[in-house]
Each structure stands twice: as structure tokens, then as C-alpha cells.
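Please read the following account alongside the sequence and the three-dimensional view.

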Amino acid sequence: MPGPVRILAVRELAAFFLSPLAWVVLALFLLFHGYLLHVTLTATDGDVEATLRSLLGGAGFWLSLFLLAPALTMRLFAEERRTGTLETLLTAPIGDAQVVTAKFLGAFLFYALLWAAWLALPATIVLLGGSPDLGALAARLVGVLLAGGAFLAAGLFASSLTSSQAIAASTSAVLLILLSLLSFAARWLPEGVLRRAAEEAGFLRHLEDFARGIVDLRHVTYYVTFTLFFLFLTVRSLESRRWR
Amino acid sequence: MIEVQNLTRTYGPRRAVEDLTFTVRSGEVVAFLGPNGAGKSTTLRILAGYLPPTAGAARVGGRDVVRESKAARRLMGYMPETVPLYPEMTVRGYLRFRARLKGVTPRALPTRLDDVIARCRLQEMTQRPIGMLSRGYRQRVGLADALVAAPPVLVLDEPTAGLDPNQILEVRSLIRSLHQDHAVLYSTHILPEAEAVSDRVLILHRGRLVAQGSPAELRERAGAGPEAILIEGTAPPRDAAAALAQLRPGLAVTVLREAEPLRVRVAGAADVALRASVARLFAERGWTLTELRREAPSLEEVFARLTIGEDV
């Protein structure tokens, strides 16, 4: 990784821990997933596999991602724009694309840390005598990280459009909801190309295989492409200051 | 070190900067002087690589600020007008981050940090979160950031804005001390400051360069009138006026006040030799001299003359 990207990514990650928001997010995230685990485990009558599948791909998971991605990304550019630090940042010898990459990595690492902390939940299951399929768990986590990366990239883009964190958060929430609605819309569309297209473009369907414990290259490609697309838009949005 | 050629920047139909040409050499402190909204910040932002020019070109250390932007930025320390900083970071943590971002190697880092912290007198504040610092200290952190990678070119946007008089003097002397090994371009709208700190002044008005030169040259060019001496003392008014007029040909002597204390203005020159002659004259005649002052037309006057006639 080029020097400036690594240095900026480390600062971004550290900045999460210097703000109260990160700790609130971490606490709520673990609380929510702990509760979800409890509820799901009860509902499935103690079926560990079904529980983990639902936890890493079910409605509860998506809900937490819809809240998490805007919360983690809203600050990244909007706050720098509001306080003016974007100017000091972009006049340092670092390229726009490097800034975007570093900020994304900072947010993504924090997101990965949340899931590392989440591992305490399956660890508890093991301690209590359960034996989850570790291979399937790993596949699910790959999906969770890839889908999260795509969400964070979309949130980063929303944050680059405005100088208000609140507007950034709501923009990214709306953006993510619209993309996910495609998956639901597909069900109401008549059989045909349009329906196929909506299914493929929609956000949710691609996680299903991961949740089943399968890492399919097509879905990996989908999320990675999605992530790169939004990172590219973010770089363009930063550059727009030049012709505004 | 800084070369600007026919630089123009428009925001939609509004021309913020128009056909600007100037250079700043190494070892020179140059003030960018003009009222608010004259286009100073826009020009400095173009030099810093934050905004591209609409037309014309700018080079820093020979590097084009658009085509070789990163190379140009590597040669420059830039402090934006509002001195934006990250409030949650400590002073030392922030400077360390900025130094590393600007390519200071881990080996050189401690020396560079200690150097700028000492120069900007931040020793007491290194572990404080920036958000808790006063305006004056924040300004110094901004300056330390501009200096931390030891760049040959410094571009400072209103470095003394919002400071108290003591802090203003400190920052001025700091800027003055930088001139040996830097090319410094800083903006201000305060005339005495431009006069006190800089080798050269660029006067910007409505996006155009209306004059440039040393403060003395500008006075001359503006035709702000010759220098004069103001004298206060006790002496017979007519004798004094006559004697003063004979000190040198071409002097215009005006008695401003006949009652005691007498006040006389001698216009035409104000050099040391003439002032010494005035003092000797008073001593020889047994008159009392209570004030002898050189009166130079202020840059304010120069500025007013240079920008007069421009339609408002």
C-alpha cells in the first residue's frame, strides 16, 4: 500500500475510536446481535446453523447494515467539508483517489473490527456445547464483509456530496433502500429480462448463497464491482470542486 | 519559486481573479494585499492545487500546479484562511500525521517535529487536544503544519487574522524569520503589516494586480507626495521658518501652529542628514526642540490612490 494511503487510513481508523459515536455503534451493534441471537435461537428451537444463517443474511442483519453503513460513513467527507479540513487534506501531496481509498479502508477496517467482536457470539455457542459449521461460518462472514464494503462505499459517496452529516446519512440510507428495493421489486415484475435484471442488480439476493455457506465468484464480483463503482463516483465527486 | 502567468479564475460569470502575473523568488517575503473579496484566497488556493485556474498557469518550484500537482504540493506548505484542524487530535499527534502524509521519513520525524514545535512555541501544548486550544495556538499549529516538511515555498492565507496584538507581533516575526530559506507568499488586508513584514507587496483589487513593488517604491509610484519632517518646539515662528527654509533648497516650510509649542512642517525631504541639520539649528540658536519626526505617506494613502478611479 502506498505510504500516504496507509498513513491516512490509520488516522481514519484512529479517528473512529476518538469519537464517542464509534463506541456507541459498537455497543449497540453487539447488543442488537446478542438479542437477535437469543430470539432466533429460541425461535428455531436451538438450531445453531439456521440461527447463524439468519443472523448473517436475514432481515435483522440487513437492518443493522442499513443503520451501520450510514453511521460509519456520514462523517468521513461531510465533516471535513464542514470544518474545512478537506482543503488541508487535499492540498497535501496525496491524490484524490488515494484519499478516497484511505477513507474507505479506515471505515472498512472498523466495520471488520465490529465483526471480529461479533465472533464472541459464536464462541459462546461453542462454549455452551454447540458445534457450528466453521467453514459455513467463514463463507457467511466473507459475504458479510463484501456486502458491508459495498454499503460503506455507497455511504462514502453520499458523504462526499454534502457538508452535513445528517444529510449524508439520510442520502446513503435512501440510496441503500432504493438498491435493496430492486430485489423486492423483482418479485412483482412479470417473468422476463426486466425481472432478471432487477434481481441481479438488487442488493439482497447476492448474499443468499453466502448465507447458505457458498462463496460464489459471481456474487463476489457483484459486491466488489459495486464497491469500486461507488468509490469511483466518490473520486469524481471530490474532483467536482474543480469545475464548480 | 512561485511563478504566476496570466492567471484567471471565474466562478460562473464572476471573475474572481483576472490576468494575474507575478513571481516570488526564494529568500523573499511577499505580501498579497487587498480588501476582502479582492481574489487573494482564490489565487492562493490555485497555487496550493486546491482549485484549477480557468486560464493561465502557475508554477511552484518549476512544477505546474495543474499538470504536476502532487510534485508542486510536495514543495509547498499551505495554511488556509480558517486554519482547519482536527479537534480530537493532540497537537503532536496531528503534526506527526501531517508530517508523515507529506512524506517526512520516520527517521527524520522526531527532529522535524521538535523543530517546528519549538519554532512555533508549542512546547507546552503538545499533548493537548487541538479542540481545546485558543485561537492563537490553533494558528500556530497551522503554521507548524505548513512548516513541518521543511518546504521551500510557503503560502499563508491571512496568517494573523483573528489574533490579539501580541500574537500578531509573534506571527509577524516568525514569518520574517522564515525568509532566509523560504519563498513566502502571504495574504493580508492590513497595510502596516504588509509594510512591516514584506520585501515586496502585491496589491490586488477586484481580481487585478494594480501595483507591485517594495513599500517605498509603491509610495513613489502612487505619487503620494514627498516625505516631510514634523517639528515641535519653542522658537520665534518667523525666524525658525526662515532658517529652516535655508537648510536646503527646495524645501517647503509651513508653520502649522504659532502659539507655543510651535509646530512646523518641512516638506520635500526627510533624510537623516536633514534631520540632523534641524537639530543642530535649534541647538545653535538656543531654541528648544521637543519633537522631530519623519512623516511618510502611509501605504493606506498609497492604496487609496492606486484604487481610486476604479468604478465602485
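Predicted model: local features only at pLDDT ≥ 70, side-chain atom pairs only at ≥ 80, totals over all residues.

Residues are numbered from 1 along each chain as its sequence is written, and chains are lettered from A and ligands numbered from 1 in the order in which they are written.

The secondary structure of chain B consists of 11 helices and 14 strands; helices (H or I, at least four residues) and strands (E, at least two) are DSSP runs, numbered from the N terminus. The C-alpha trace of chain B spans about 75 × 50 × 30 Å along its principal axes. Of the 312 residues in chain B, 40% are buried, a residue being buried if 20 or more other C-beta atoms lie within 10 Å of its own, exposed if 12 or fewer, and partly exposed in between, with C-beta atoms placed from the backbone.

Within chain B, 6 strands form an open sheet with mixed pairing, in the order S6-S7-S8-S3-S9-S10; two strands pair if DSSP finds at least two bridges between them. Strands of a sheet pair through backbone hydrogen bonds, either parallel or antiparallel. Strand S6 (76-79) and strand S10 (208-213) of chain B each have a single partner strand, so one side of each is left without a neighbour in the sheet. From one strand to the next, the twist averages 15 degrees; axes are lines fitted to C-alpha atoms, for helices over the stretch in contact, and angles run from 0 to 180 degrees between N-to-C directions. Strand S3 (residues 29-33) and strand S8 (residues 183-188) of chain B pair in the parallel sense over 5 bridges, and B:Thr188 in S8(B) is the bridge partner of B:Leu33. Helix H1 (residues 40-47) of chain B packs on this sheet and touches S3, S7, S8 and S9 of chain B, where contact requires the C-beta atoms of two residues, placed from the backbone, to lie within 7 Å.

Elsewhere in chain B, B:Ile229 lies in strand S11 (residues 228-234). B:Ile229 counts as buried because it has 23 C-beta neighbours inside 10 Å. Beyond its neighbours within four places in sequence, B:Ile229 has contacts that include B:Val266, B:Leu274 and B:Leu292.

Where the chains meet, 20 residues of chain B are in contact with 19 residues of chain A. Helix H2 (69-74) and helix H3 (91-101) of chain B are the elements that give two or more residues to the side of chain B that touches chain A.

In chain A, the axes of helix H8 (residues 134-160) and helix H9 (residues 165-188) come within 8 Å and cross at roughly 135 degrees. That angle makes H8(A) oblique to H9(A); angles under 35 degrees count as roughly parallel, over 145 as roughly antiparallel, 65 to 115 as roughly perpendicular and the rest as oblique. Residues of this contact include A:Phe151 and A:Ala154 of H8(A) and A:Leu175 and A:Leu176 of H9(A). Another pair in chain A, helix H2 (residues 20-43) and helix H3 (residues 48-55), packs at an angle of about 140 degrees, with the axes 9 Å apart. H2(A) and H3(A) are therefore oblique to each other.
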